[in-house]
Amino acid sequence: MKISRTLSFANKLRGEITVPGDKSLSHRALMFNSLAKGKAHIKGLLHSDDTNSTIDCLKKFGVDIQNDSDGSILIFGKGMHSLNEPNDVLDCGNSGTTMRLLSGICAGINGISILTGDDSLRSRPMDRIVDPLTFLGAQIFARNNNSLPPVMIKGGKIIGGQRITPSAASAQVKSAILLAGLYADEEITVVESKTTRDHTEKLLGAMGAKFSIHGNEITLSPPQNELSAIDVTVPGDISTAAVWIVAASIHPDAELTLRNVGINQTRSGLIDILRLMGGDIKLENNRYIGGEPVADLIVRSASLTGVNVSGELIPRAIDELPLVALAGAVAEGETVIQDAQELRVKESDRISTTFKILSDFGVKIEELDDGLHVYGGNPINGAIMNSSGDHRLAMLGAAAGLIADGETTVEDADSVTVSYPTFWEDMEKICQL
Ligand code: S3P
């Protein structure tokens, strides 16, 4: 059953939140340790619908994954050449990362794998992985002329010595190719049009995979030995922290401390964008956790001005762009987001869903082919909005509701369980009425 949540203007936003584990890193820590040989403890893993999909899928390859007594997860990696052919259809739920990264593994192992997902995932493009993985030697069939899930992969022979330029600047596609590349007979090179998140290179590298990286060219040499399992402590997710970073920046009376936030350079575009807009974001206690840079963020109310966001900033803030549009609605002047056509193929078409939601709140906004044009500085009125089952949009609606005049209802509010199951409790904690 779909639930709705109603909220209204919060007089103050105050307090401290330790954001849940990074989703991208949680998927990778689970998958790569399943491929590696040996036992690994994962601490700080995100427990959500998306990561549960990954765990359920990995178990179908015969991987033993258990809950440990201290709340961490234990993985008994089988080794990349000992994964079983999956014994059932791999249901990736809502998770594009699960489907695309697992496809790279399925291309490498002997046997047949069938990957499917929910209504949203079954409408998302898979030709972006079908084409390069086919080029590398896998046999793949997918619905709609090899472009939509379900996807069926017969893997087992990956031909290296190839350079591949993905059709989109996408960390999921890059990762799928690199994972297949682990099984190749020679090195493979991925040439990215724009730099995307580099968690795959970092984590596989720490497990023994050999990369040589020159700018946007990433070359992987197939490992001579099995990858070694590695204990991982997953830092907090900046894409999850994003809702509070933006809510505090646009609220007239806010000061929030966000603990343990991953600030990897390939992910931290939102901080740069808000600072360009005049945001007040301080980083404290900088440190490394699980090989990733992490800090505590102190975010205070600020007077924002509009900004143009495009080019290399886009992949560095891809999941946060709907929230940038909300910040733009409160800012003085105009905010233009361009080069972001990738938003059209996320969990929803986030250009049109963000346009619709912010219009419902009374924001003056235009939809562009590759982004959004927001006219800031106008009043935000409470609205009844629907998340379209997209977790990031449910949170966008909630953040808008915290600053809007009047009441806001977020329909399909439980979609937050995809990435942030405790979102609504955390919101209550920081709202002082
Ligand atoms: C992700 C990469 C991004 C991002 C997604 C997670 C990942 O997708 O939007 O939420 O974990 O690699 P694309 O690779 O499609 O840009």
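Asn67 stands opposite Ile73, a residue of strand 5. The model is predicted. Strand 5 covers residues 73-78, and strand 4 pairs with strand 5 in the antiparallel sense, over four bridges. Strands of a sheet pair through backbone hydrogen bonds, either parallel or antiparallel.

Four strands make up an open sheet, in the order 4-5-3-14. The pairing is mixed. Strand 4 (64-67) and strand 14 (232-233) are the edge strands. Each of these two pairs on one side only.

A helix accompanies this sheet. Helix 1, residues 23-35, lies across strand 3 (37-43), strand 4, strand 5 and strand 14. Helix 1 runs at about 35 degrees to strand 5.

Now turn to a pair of helices. Two packed helices are described by the angle between their axes and the distance between the axes. Helix 12 spans residues 350-360 and helix 13 spans residues 391-403. They pack at an angle of about 20 degrees, and their axes are 11 Å apart. Angles under 35 degrees count as roughly parallel, so helix 12 is roughly parallel to helix 13. The crossing of helix 12 and helix 13 is right-handed. On the helix 12 side, the contact is made by Arg350, Thr353, Thr354 and Ile357. Helix 13 contributes His391, Arg392, Leu393 and Leu396.

Two single residues complete the tour. Ile218 has its place in strand 13, residues 217-221. Is Ile218 buried or exposed? Its relative accessibility is 3%, so Ile218 counts as buried. Leaving aside neighbours within four places in sequence, Ile218 is in contact with Lys174, Leu178, Ile188, Thr189, Val190, Glu192, Glu201, Phe211, Ser212 and Ile213. One of these partners, Glu192, is 26 residues from Ile218 in sequence and 8.2 Å away in space, C-alpha to C-alpha.

Ser4 is found in the segment before strand 1 (5-8). Ser4 has 45% relative accessibility and therefore counts as partly exposed. Which residues does Ser4 contact, leaving aside its neighbours within four places in sequence? They are Thr409, Val410, Glu411, Asp412 and Ala413. Ser4 and Leu276 are 272 residues apart in sequence. In space they are 35 Å apart, C-alpha to C-alpha.

Key:
Residues are numbered from 1 along each chain as its sequence is written. This is a predicted model: local features need pLDDT of at least 70, side-chain atom pairs count only at pLDDT 80 or more; totals for chains, interfaces and linings use all residues. Side-chain values use heavy atoms; hydrogens and water are left out. Axes are lines fitted to C-alpha atoms, for helices over the stretch in contact, and angles run from 0 to 180 degrees between N-to-C directions. Angles under 35 degrees count as roughly parallel, over 145 as roughly antiparallel, 65 to 115 as roughly perpendicular and the rest as oblique. A crossing is left-handed if the near helix is turned anticlockwise from the far one by less than a right angle, and right-handed if clockwise. Contact means heavy atoms within 4.5 Å. Two strands pair if DSSP finds at least two bridges between them. Buried means under 20% relative accessible area, exposed over 50%, partly exposed in between (1.4 Å probe, protein chains only).
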